[in-house]
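Let's take a walk through this fold together. Keep the sequence and the 3D view open side by side, and pick out each stretch as we come to it.

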Amino acid sequence: MNREEFKKLVNSRVPVLDGATGSNLQKKGMPSGVCPEQWILENPDAIIELQREYKDAGSDIVYAPTFTANRLKLSEYGLEDKLVEMNTKLVKLSREAVDRETEPDEATVLVAGDLTMTGQQLVPIGDLTVDELIDVYKEQAEVLVDAGVDLFVVETMMDLGETRAAVIAIRQVCDLPIMATLTFEENGRSMFGAEPKSTVVVLQSLDIDAIGVNCSAGPEAMVKVVEEMREVSAIPIIAKPNAGKPEFVDGETTYRMQPDDFAKGVKKLVEAGASIVGGCCGSTPAHIKAVKEMLSGGTEPVEETSVLECIATGNEAFPLEKDKDNYVFPDDLEILEDDEIEDAIDDDMLQMAVDPVCFKTGDEALLERALRIYPGRAVVSLGDYDDDKKKTLADTAKKYGAIVGNP
């Protein structure tokens, strides 16, 4: 699938994703504490049966069970050297489940390569550098492309910086569609403090194809997040909620929301602005079938709204206004020049910036280093350089989603 085909799919209807994988595999016998990907490969019928049920329920896209099959997570089980073999076989199982192996040209159900958190933190909180993390995701993405995925999803992310690294890695490998979803706490922010608006501003500037929220909570608790995202999103919004709040019964996690109630909640998410939907923890093929049936009955059209142009730190979005041909930037925009940029990189300060940042340098390599690390959407000043230099700087800014302006 190319990106234009993905866009046509979303414009033609509300695509339905699959539901939960982990909680359903546990019902099929997967014990806790094992490497999920290894267990799936040892018990392939479990995932094939589950994903066929999702296909029959009406899913347009299923997620290949490659969720934690990156080098860092696999190393926890001593399986890092089997990364290529495992990812390749896992994609093949999903393709078999939805008949892509036997009917490759009948793409009624698409298979998404699934990436998630690595379990290690970026500096300065942890020891992992952005370049190291990009390499980790790039390695997995290359295998998934070779294995035949139709698109990518970066999901259940808690850190915007890590999500951004995954997107950069995928874009270095291919031009397939990318969906990205983060999880948000009850306070409306991700675990590492990002508000919904900042996640949209940062990730859509990197030219992804859909942005949204998954896991987190049940459908109704997700409505506010979708509404906030819609204010700044120029791309489709994804909502993939849990089947209600988890409850612990007899030592096991249980989700009590029934399919009909789940579908009613998802309808509210569509009316709030979500245009791609599915289910996360606790949801089953029955929940997805109920959502598909709900959508077939139609939903209230979402009112068109103008999208705010913004810059962002890793946690906050800052709306911009335009004065003729130039943006009016916030008073607290911090302008960093050559030595200041070097110092900010060396001291690991860019990752923790509270105020929005503008980079002002003619050193293209330095600019790229800064933009690669900075977890937000920066401003790049082109200064008084000649046209060739300005073009080079502007191209670098575009590559990392920065906005060009002259504060």
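Where does P124 lie? You will find P124 in the loop between β2 and α7. Before going further, please keep in mind that this is a predicted model. The peptide bond that joins V123 and P124 is cis, with omega of about 5°.

The buried residues of α7 are V130, L133, I134, V136, Y137, Q140, A141, V143, L144 and A147. The buried residues of α7 have several packing partners: the helices α5 (71–75), α6 (83–97), α8 (160–173) and α14 (364–373), together with β2 (110–115) and β3 (151–157). Just after the helix, G148 takes a positive phi of about 105°.

**How α8 meets its two neighbours**

Now turn to α8, and begin with its meeting with α7. The axes of α7 and α8 come within 8 Å and cross at roughly 45°, which makes α7 oblique to α8. The crossing is right-handed. On the α7 side, the contact is made by L133, I134, Y137, K138, A141, E142 and V145. On the α8 side, it is made by E162, A165, A166, I168, A169, I170, Q172 and V173. Sorted by class, the residues of this contact are 11 nonpolar, one polar and three charged.

What about α8 and helix α9 (residues 196–204): at what angle do their axes cross? They cross at roughly 20° and come within 10 Å, so α8 is roughly parallel to α9. This crossing is right-handed. Here L160, T163, R164 and V167 of α8 meet S198, T199, V202 and L203 of α9. The contact of α8 with α9 has four nonpolar, three polar and one charged residues.

L182 lies in strand β4 (residues 178–182). Is L182 buried or exposed? Its relative accessibility is 0%, so L182 counts as buried. Leaving out neighbours within four places in sequence, L182 is in contact with M157, D159, L160, T163, T199, L203, I211, G212, V213, N214 and S216. T163 is 19 residues from L182 along the chain, and the C-alpha atoms of the two are separated by 8.2 Å.

S190 is found in the loop between β4 and α9. With neighbours within four places in sequence left aside, S190 is in contact with M158, T183, F184 and E185.

A69 is placed in the loop between β1 (61–63) and α5. Which residues does A69 touch, not counting those up to four places away in sequence? They are E37, L74, L83, N87 and Q140. Q140 is also one of the buried residues of α7. Between the C-alpha atoms of A69 and L90, which are 21 residues apart along the chain, the separation is 9.5 Å.

C215, in strand β5 (residues 210–215), has a positive phi of about 60° although it is not a glycine. D348 also has a positive phi, of about 55°, and is not a glycine either. D348 lies in the loop between α13 (338–346) and β15 (357–360).

Here is how these single residues fare for relative accessibility:

| Residue | Relative accessibility | Class |
|---|---|---|
| L182 | 0% | buried |
| S190 | 3% | buried |
| A69 | 0% | buried |
| C215 | 17% | buried |
| D348 | 28% | partly exposed |

Why does C215 count as buried? C215 has 17% relative accessibility, and buried means under 20%.

Definitions and conventions:
Residues are numbered from 1 along each chain as its sequence is written. This is a predicted model: local features need pLDDT of at least 70, side-chain atom pairs count only at pLDDT 80 or more; totals for chains, interfaces and linings use all residues. Side-chain values use heavy atoms; hydrogens and water are left out. Buried means under 20% relative accessible area, exposed over 50%, partly exposed in between (1.4 Å probe, protein chains only). Helices (H or I, at least four residues) and strands (E, at least two) are DSSP runs, numbered from the N terminus. Contact means heavy atoms within 4.5 Å. Axes are lines fitted to C-alpha atoms, for helices over the stretch in contact, and angles run from 0 to 180 degrees between N-to-C directions. Angles under 35 degrees count as roughly parallel, over 145 as roughly antiparallel, 65 to 115 as roughly perpendicular and the rest as oblique. A crossing is left-handed if the near helix is turned anticlockwise from the far one by less than a right angle, and right-handed if clockwise. Ala, Val, Leu, Ile, Met, Phe, Trp, Tyr, Cys and Pro count as nonpolar, Asp, Glu, Lys and Arg as charged, and the others, Gly among them, as polar.
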